[in-house]
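Welcome! Please take a look at the model below, and then work through the exercises with us.

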Amino acid sequence: MNATMGTLSDAATGVAGRADAMDGLRIRNFSGTVGEVTVANPRMRTRGVDVYYGDKHAIKNVTLDIGSNEVIAMIGPSGCGKSTFLRCLNRMNDTVEGCRVTGHITLDDKDVYDRQMDPVVLRAQVGMVFQKPNPFPKPIYDNIAYGPRIHGIAASRAELDEIVESSLRRAGLWDEVKDRLDQPGTGLSGGQQQRLCIARAIAVSPEVILMDEPCSALDPIATAKIEELIDELRQNYTICIVTHSMQQAARVSQRTAYFHLGDLIEVGETTQIFTNPRHKLTEDYITGRFG
Amino acid sequence: MNGKEGGHIVQRFDAQLGSLKDLVLEMGRLVLQQVRDAAQALEEGDTGLARQVVHRDRDINTLDMKGQELCLELLATRQPVASDLRFVMAMSQAVNNLERAADETKKLGYVVSRVYGENDLQPIPSLFQDARHMAASAVELLEDALEAVEELDVDKAVAVVQGDEQLNEAFHAGLRRLATFLFEDPRNVRHVIEAVFVLKALERVGDHATNLAEFVIYAVKGKDVRYVKAEHLSSGFLDAG
């Protein structure tokens, strides 16, 4: 693993710029993000996070809370670091050669990058849905049952059946697949496959679901179903979504974060960001003046 | 262009926003002419000019429909956000307010026709002495509001909002004078009612000019100041987060 995290004392020393205290954590310097980076009920907290791919500084000193039961949208032009930031939250960057992560990320006050933290367990707690639906080449049932099985969540076949059904119901897919659970997941339509992947993430009882462009390969009807699902899932989960669709960010999220060249430029209530952004870079990007 | 620096990547979007603004300004110039002509018709008892004012209202209604169609097209095809969204909303409201200001000038035209065109009503021009000053103020406010729209100039817009206070004061002073006139000779009640219509119409033109200015402030600053007292419209207030 190439990812390394600084300690809190590291974070507070040897840094130029304004040192600031936030929620008892010393962050390294003031990042200049416009808007309120903290929330009253954080599920995850990131403090002074930097990400490097070799010499490339991909994420620069990002401090951001992700609130419980909120949908937060990460937007920004290609290469701005939004997906990189998303992948830090469940240590997906661990597997990237040459990637180094510093700063502090917590899930329910537990250090995500602590040596004791098992990334496999973390990724069950912080699930992920990717741009392209990636069901296992297995029956629909097994796609859902796989996670609970390896994490030992179900004690019996009946319990596993229950998890499969409830996960598919929550993902709004049960009625469409209940009579063909033994058929391969790869045989479903694109939108159904994506909802299968969401059901698979739900099956291991995550706290947070990360979505990286979950609708970019889907038609408008399938996209609408996923967006409706995201709204329903918010009752029970925290969702971070990376999207290139500004309209989607505006439709599904309560908060929006705008990234630019690795900096978190602005974060705020989604309505405020899309009606009256405070930073010119945000304004230029969302109005299509960026270029 | 909608007056902001830096155009959109999609230049057609800029062209559409520019067309919308041009339409609002064209409509504004027509309404301004309507106010001037209605005031002149009243001043000179010119029923012919009054009829022209009433007739030309149709041109403004046509622009009203065209403006709303443009706004709808922009919303449907561009899904504007942030300053673009505020601009489109502001221009939609501007079109609406200009159409309503034009309706007020039509009312003035009807008053002139009734007062100066009907044989059974002997005109009393002195009743309209407040109208002359109020019409001049309303024209000035509308001119300034249109300049604020053209340049998206918040300072000018604030000046219009604050200037409307004087027109309102003139309206109330005019009403008091008409009431006194009525007390002195109640037989003139019909004349006084017509004069009240005139003052009210001019006061409403000022209100619509003010609304235009308030939507300029909204478009530029993102602040809804419709229910903020004019004296509170400082730059500090408008720039506060």
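**Exercise 1. Find the residues that form the salt bridge between the two chains.**

Step 1: The side chains of B:D84 and A:R289 meet in a salt bridge, at 3.0 Å from N to O. The term stands for a side-chain nitrogen of Lys or Arg within 4 Å of a carboxyl oxygen of Asp or Glu.

Step 2: Across the interface of chain A and chain B, the rule finds one salt bridge. On the side of chain A that touches chain B, α10 (270–275) and α11 (280–286) each supply at least two residues. Helices (H or I, at least four residues) and strands (E, at least two) are DSSP runs, numbered from the N terminus.

A word on the model: it is predicted, so local features need pLDDT of at least 70 and side-chain atom pairs count only at pLDDT 80 or more, while totals for chains, interfaces and linings use all residues. Residues are numbered from 1 along each chain as its sequence is written, chains are lettered from A and ligands numbered from 1 in the order in which they are written, and side-chain values use heavy atoms, with hydrogens and water left out.

**Exercise 2. Describe the contact of chain A and chain B.**

Step 1: Chain A gives 12 residues to the contact and chain B gives 17 residues, where contact means heavy atoms within 4.5 Å.

Step 2: The two chains bury about 1,100 Å² between them, with 47% of it on carbon and sulfur atoms. Buried area is the accessible area (1.4 Å probe) that two parts lose on being put together, summed over both.

**Exercise 3. Is B:T210 buried or exposed?**

Step 1: Locate B:T210 in helix α6 (residues 189–221) of chain B.

Step 2: B:T210 has a relative accessible area of 6%, so this residue is buried. The cut-offs are under 20% for buried, over 50% for exposed, and partly exposed in between (1.4 Å probe, protein chains only).

Step 3: Leaving aside residues up to four places away in sequence, B:T210 touches B:V160, B:V161 and B:D164.

**Exercise 4. How many helices and strands does chain A have?**

Step 1: Counting gives 11 helices and 12 strands in chain A.

Step 2: Of the 291 residues in chain A, 54% are buried.
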